[in-house]
Amino acid sequence: MSQSAVVERQLDKTTNSVSPINRLPTEILVTIFEESIYTPELDISEVPHIQKLHKLACVCLKWSMTIKETPSLWTVLESTTPKYLIPHILQRSSQSSLVIKCCGVADQQADSGFSAAYLQAEELWTTIKAFLIIVFREIHRWRSALIRLSQADSEILEGLERPAPLIKMVDINIDEYPQQESIILFAGQASNLRTVCLSGLSFMSSPGQYPDLQHLNISTTPSGQLTLKDVLMTIKSAPYLQTLRLQFLQMPVSQGEDGLGTFALNFLETLSLSGVSPPVIQAILTRIQAPALQQLTILPGHDGGGDSSWQFIKCIPHFLPMIHSSINHASAVDISLSQRSVNIRTPLNHSDPHPHIEISIDHNSSAHALYIFLRNIIHHSISHTPIRLCIPQVPEIEWGDFCEILSSLDRVVELSTEERRGNYRRDLFRFLSAPLTESGRKKWPFPNLQKLVLPSNTSGGQVVQLVKARYGSGMWNNRAGGRARGAPCSLTTLDVGRVDLTPTQYAEIGKIVGYGVVRGEFGYSYIFDS
């Protein structure tokens, strides 16, 4: 090497040593490293953790030495890590808690033929199992575990029954259900668990097993292996539970749950029961008191008898008390109804400062379900909160039944619809244009309506006819021969979207409701009409 090359190399070393980043304290440098290679503990990174460390270590000698001497950077163990490196990683991690990430699901899009795909899956399974056997020996150091498997055998399930006193988060997904009895997850010795997500795995529970549990998600367990008693005992032993999601579970209801009584979950914010039979929904909801609930989603599964609307109606009485307690004092409530499901959400950080209830009615809704639900929820739960009603499409039920349901919603202040079917739109406009007779008295539907949003395919003539009939100052003759004045005009916004209004039609509407009330992107007729 020439003398000039030696001098140049020495100069580079000197320059690197005095660069700002190399003058940082080691603690700050390690923090920068941790942030640059961070991946959420229950996510799989596209770039393996060991590869990220390798790239950083190749920058300079100081970085390499810092990385090698920092145990906290060596706490992630992935199933993609070469087997011969795992002992070195465990050694460098010292006694730090470990993050386990194991993805053992074969590529379903392999196009190399059935035999090759089968061999690939077998090879992957062998690799994954060898990895798990190694990390199970260190399960007492696990901080979190993400395990996704296409299958599981007794050896793996036995490994999951070892104590894990440090673990805080676990996400286990097994595609092919193991045909054996439920396991005692982490031998019941995982008192620090905060998050549990299980799919395809049945477990047994005992009182006080997970005292600090905050998030519980169980789905798609083998038929008959997970019992309702185990689920209820897990819920009961988690007083700080914030999220509870149960999906597609087949659990029989027996007399064994009767002795559990009711229990208060004062921190529960989200409760979702999807694909679960109505008897199980009843058994769960009648035992839970959740005053802080912000979102309730109920989607009953089939229980072998009756149609879906009957199942939905059957569930309503069981969760009404919880709905009442959760939304009575909420400043904003979103309610979505369909034929056999309900989704209720009381968002804390809504942008609108005005208290309100938003109700969306699905076009598949049944009259019986809507009538029972709206009567019980709106009339017996919230007495003065304004309602914002959204009807994307009118349900295909008897029009008289739907009118009766709508007429019970006196506190509707906003109505929006995207109904594009001519006959349904005409019926809806006719409902808004005529007073109803109730106990011998004339009553306008939605008397406090402040905002009306109309479908874009409405004609200008239909808008004029609706406004004149509803808000005209003259007397209105109904079909029964009675006479009633127009509805009280509290309208502040009439959103006609892209309705093709002419200047004459705009003037007619403006004279009745006020020119500043009419909003929209008027069609071409407004420009070219003379």
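**Packing around a helix, a strand and aromatic rings**

The exposed residues His54 and Lys55 sit on the face of helix H3 that is turned away from its buried side, where exposed means over 50% relative accessible area, buried under 20% and partly exposed in between (1.4 Å probe, protein chains only). The structure is a predicted model, in which local features need pLDDT of at least 70, side-chain atom pairs count only at pLDDT 80 or more, and totals for chains, interfaces and linings use all residues. Residues are numbered from 1 along each chain as its sequence is written, and side-chain values use heavy atoms, with hydrogens and water left out.

Helix H3 spans residues 49-57, and His49, Lys52, Leu53 and Leu56 are buried in it. Helices (H or I, at least four residues) and strands (E, at least two) are DSSP runs, numbered from the N terminus. Viewed down the axis of H3, the buried residues fall within an arc of 100°, so they line one face of the helix; the arc is that of the directions from the helix axis to the C-beta atoms. The buried residues of H3 pack against helix H2 (26-36), helix H4 (61-68) and strand S1 (76-78), with contact meaning heavy atoms within 4.5 Å.

Strand S6 (residues 215-219) contains Ser219, which is buried at 13% relative accessibility. Its side chain makes a polar contact with the side chain of Ser199 (3.4 Å). Such a contact is a pair of N or O atoms within 3.5 Å; within protein, one must be able to donate a hydrogen and the other to accept it, and residues adjacent in sequence count only if both atoms are side-chain atoms. Beyond its neighbours within four places in sequence, Ser219 is in contact with Leu198, Ser199, Gly200, Gln247 and Leu249.

Turning to the rings, those of Phe, Tyr and Trp (its six-membered ring) pair if their centres lie within 6.5 Å, and planes under 30 degrees apart count as stacked, over 60 as edge-to-face and the rest as tilted. The count by this rule is 6 aromatic pairs. One of them, Phe136 with Trp142, is stacked, at 5.7 Å centre to centre and 25° between the planes. Phe136 is buried, with a relative accessible area of 4%, and Trp142 is buried at 0%. Phe431 and Phe446 have ring centres 5.8 Å apart and planes at 75°, so this pair is edge-to-face.
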